[in-house]
Amino acid sequence: MHKEEFFAGSNVITQGEQDDRYFVLRRGKVEVHIEGVGVVSTLQWGMGFGEVALVLGTTRTATIRCKTPCEVYVLNRAQYESVVVSPPRVLICEYGSVVG
């Protein structure tokens, strides 16, 4: 797991791209854009995104655009899978700032 920073207005994920990473917002707000629909949701601190393409092995189903400057934790497939199947107390010990 590592951290990445993005400027307001930049895309963290672009709809249609191949990718196998999961993201958790550490700081900031992002908007979820779906082509032909528009903004369908706003995500903020502590919320994650990117699981659909990761789990289903498809291309990205939405564009995630930073509404404010953002900092995200980035997990690869193996890290995501280990977090999903771990009991909560393990997550707090290992990723304390991710889960609060």
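Trainee: What makes β4 and strand β5 count as paired, and in which sense do they run?

Mentor: In this predicted model, β4 and β5 (residues 38–44) share six bridges in the antiparallel sense. Pairing asks for at least two bridges, so the two strands qualify. Within that pairing, V30 stands opposite L43 in β5.

Trainee: What lies between β4 and β5 in the hairpin?

Mentor: Three residues separate the two strands there, and G36 in the turn has a positive phi of about 85°.

Trainee: Let's turn to H33. Why is H33 called buried?

Mentor: H33, which is found in strand β4 (residues 29–34), has a relative accessible area of 17%.

Trainee: How do you know that the side chains of H33 and R65 make a polar contact?

Mentor: The distance is 3.4 Å, and the cut-off is within 3.5 Å, so the pair counts. R65 is also among the residues in contact with H33 once neighbours within four places in sequence are left aside; the others are Q15, G38, V39, A62 and T63.

Trainee: Where in the chain is confidence highest, and where is it lowest?

Mentor: Strand β7 (residues 63–66) has the highest mean, at 98, while helix α3 (residues 88–99) has the lowest, at 49. For the chain, the mean pLDDT is 85, with 84% of residues reaching 70 or more.

Trainee: How many contacts beyond four places in sequence does the model have for residues 90–95?

Mentor: Eight, and pLDDT stays under 50 over that stretch.

Terms used. Residues numbered from 1 in each chain as written. Predicted model: local features only at pLDDT ≥ 70, side-chain atom pairs only at ≥ 80, totals over all residues. Heavy atoms only, no water. Helix = DSSP H or I, 4+ residues; strand = E, 2+ residues; numbered from the N terminus. Buried < 20%, exposed > 50% of the residue type's maximum accessible area, 1.4 Å probe, protein only. Polar contact = N/O pair within 3.5 Å; in protein donor to acceptor, adjacent residues only side chain to side chain. Contact = heavy atoms within 4.5 Å. pLDDT = per-residue confidence, 0-100.
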